[in-house]
Amino acid sequence: MNTYVKTFSSEFEKKIRKFFEEKNFEFEEMQYAFYKAKQQNCNAVFYKSGKFVIQGKEIEKLVSEFETYMQIENNINSVNQDTTSSDYDCYIGTDESGKGD
């Protein structure tokens, strides 16, 4: 995993910042963001739009700790992988390529 993205309301800004302060991240101001937190191989940005991004090498442990701290369930494995086309009632499609012929 190199990128983790979640959306939060702005009311979580201080709670998220506290998590990264406890992990000894350095903070920078960033345009359109509440802050950017960074360490040697990892950056975390909480944008004013509510988008929260963690990027870096080997961030799995940090993401796991963050989700535990924020009480987020990791739903990656809960997606039903056994769906087939017969599970759906309607189909949308076209055989036109949009070339105008």
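Buried denotes under 20% relative accessible area, exposed over 50%, and partly exposed the range in between (1.4 Å probe, protein chains only). The model is predicted, with local features requiring pLDDT of at least 70, side-chain atom pairs counting only at pLDDT 80 or more, and totals for chains, interfaces and linings using all residues. Residues are numbered from 1 along each chain as its sequence is written, and side-chain values use heavy atoms, with hydrogens and water left out.

**View A. Tyrosine 32 in the loop between strand S2 (26-28) and S3.** Strands (E, at least two residues) and helices (H or I, at least four) are DSSP runs numbered from the N terminus. Tyrosine 32 has a phi near 70°, a positive value in a residue other than glycine. Its relative accessibility of 63% places tyrosine 32 in the exposed class.

**View B. Glutamate 58 in the loop between S5 and H2.** This residue, which is not glycine, also has a positive phi, near 50°. Glutamate 58 is exposed, at 72% relative accessible area.

**View C. The largest nonpolar core, with 18 residues.** Such a core is a set of buried Ala, Val, Leu, Ile, Met, Phe, Trp, Tyr and Cys residues joined through side-chain atoms within 4.5 Å. Ile16, Phe20, Phe52, Ile54 and Phe66 touch the most other members. Two or more residues come from each of helix H1 (13-22), strands S3 (33-39), S4 (42-47) and S5 (51-56), and helix H2 (60-70). H2 contributes the most, with four residues.

**View D. Contacts of isoleucine 16.** Contact means heavy atoms within 4.5 Å. Leaving aside residues up to four places away in sequence, isoleucine 16 touches Phe8, Tyr35, Phe46, Phe52, Phe66 and Met70.
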